[in-house]
Amino acid sequence: MSLATATLDKAPEESVAARVRSTLEAVFDAVSATRADTAALLARVAATGRRPATVDLAALRPGLHGRLARDELVSGVGFVAAPGLLSDVPAWLEWWQTGSDGDVRPLLLDLDPEHSAYADYTHWDWFALPRDTGERAVAGPYVDYLCSDEYSLTLSAPVLVEGRFAGVAAADVYLRHFEAAVMPMLRRLPGPARLVNARGRVAASTDPRHLVGSLGKGPDFGRVLATGRPAQADGVRLMPCDGVPLVLVSAGQGGPAPSDTGEITLPPREPPSGAR
């Protein structure tokens, strides 16, 4: 059976989720390659008995430049060091991005905690989620004041050296490019739909009640991603994008009961304390 035929045979939501996954896996390929290069580099430095320094990270640049050139969705890519990892600076982003004229250039930031509002990047989702969960993550959309002043998504994954967290490998995708890729897919569904990350932030939407960038109350999207199984909750269908940390949320269309489809039904959320 051809891939095209197999896609047509799927339920509409499953087909769209598979296509979203395919779109973002290309970006995660760039993240994975950066993670592998960084982990190998840090391991080589550790074998010499010293701590890494910013000069060591220059060896990553040919690979980073190549990834920017190959993937049109990737607007920035690099390694963000955990504070204290490097011997010569307290924090560092080995980050390269494509300029408006198509040139590849480094991101130059003042990360001095006495002068810079961006010195502590550890609270940003693209850093905190991989660090805290050990899994790759999709953060945003958000206005990326750190790198581009563009509305963006950041895809990231933890970098480990001898089992210890060393930072994250990451790639940026401008939201306008992501929407151009996935909105035609969402519009093929029979009802309103949106893509949300583990925290419920909307990454793309055809539902006017849920605007891009909004973070509203809703089901436990993190649980849906953890189980990897479709679910139903609050009158909507939740379809994980099979390995990519996004959930497709679509209006319920009836059909077989969850037990007949392999879906799970999430229990109602507990009301706030004191609610009646």
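In the predicted model, the largest nonpolar core comprises 49 residues, of which Leu155, Phe178, Leu195, Leu246 and Leu248 touch the most other members; a nonpolar core is here a set of buried Ala, Val, Leu, Ile, Met, Phe, Trp, Tyr and Cys residues joined through side-chain atoms within 4.5 Å. Helix H2 (residues 12-47) supplies the largest share of this core, namely eleven residues. A second, separate core of 14 residues includes Ala82, Tyr121, Tyr142 and Val168. Burial is assigned from relative accessible area, with buried meaning under 20%, exposed over 50% and partly exposed in between (1.4 Å probe, protein chains only). Helices (H or I, at least four residues) and strands (E, at least two) are DSSP runs, numbered from the N terminus.

Residues are numbered from 1 along each chain as its sequence is written. As the model is predicted, local features need pLDDT of at least 70 and side-chain atom pairs count only at pLDDT 80 or more, while totals for chains, interfaces and linings use all residues, and side-chain values use heavy atoms, with hydrogens and water left out.

With residues up to four places away in sequence not counted, Leu246 touches Val20, Leu24, Val138, Phe178, Val196, Asn197, Ala203, Leu225, Met239, Pro240 and Cys241, where contact means heavy atoms within 4.5 Å. Phe178, one of these partners of Leu246, lies in helix H6 (residues 175-186), in which Leu175, Phe178, Val182, Met183, Met185 and Leu186 are buried. In helix H4 (residues 61-70), the buried residues are Leu64, Gly66, Arg67 and Leu68, and they pack against H2, E1, strand E2 (93-98) and strand E3 (104-106).

Strand E6 (residues 164-174) is largely enclosed by the rest of the structure, because nine of its eleven residues are buried. Strand E1 (residues 76-81) runs antiparallel to E6 and is joined to it by six bridges, with Gly76 standing opposite Asp172 in E6; two strands are taken to pair if DSSP finds at least two bridges between them. Strand E5 (residues 151-161) is likewise antiparallel to E6, through ten bridges, and Ser152 of this pairing stands opposite Tyr174 in E6. The hairpin of E5 and E6 has two residues between the strands, and Glu162 takes a positive phi near 55° there. Glu162, a residue other than glycine, counts as exposed at 77% relative accessibility.

A positive phi near 55° is also found at Asp234, which is placed in the loop between strand E9 (231-233) and strand E10 (236-241) and counts as exposed at 53% relative accessibility. Gly235 occupies the loop between E9 and E10 and is exposed at 66% relative accessibility; Gly235 and Ala251, although 16 residues apart in sequence, are 7.0 Å apart in space, C-alpha to C-alpha. Ala226, in helix H7 (residues 221-227), is exposed with a relative accessible area of 67%, and its C-alpha is 9.5 Å from that of Ala198, 28 residues apart in sequence. The peptide bond that joins Gly140 and Pro141 is cis, with omega of about 10°, and Pro141 is found in strand E4 (residues 137-143).

Six aromatic pairs are found in a search of the whole structure, in which rings of Phe, Tyr and Trp (its six-membered ring) pair if their centres lie within 6.5 Å, and planes under 30 degrees apart count as stacked, over 60 as edge-to-face and the rest as tilted. The rings of Trp124 and Trp126 have centres 6.3 Å apart and planes at 35°, so this pair is tilted. Trp124 is buried with a relative accessible area of 19%, and Trp126 counts as buried at 6%. Both belong to one aromatic cluster formed by Tyr121, Trp124, Trp126, Phe127, Tyr142 and Phe165; Tyr121 and Tyr142 are also among the residues of the second core. Elsewhere, the charged end of Arg136 sits over the ring of Phe28, 4.1 Å from its centre, the criterion being that NZ of Lys or CZ of Arg is within 6 Å of the ring centre and within 35 degrees of the ring normal.
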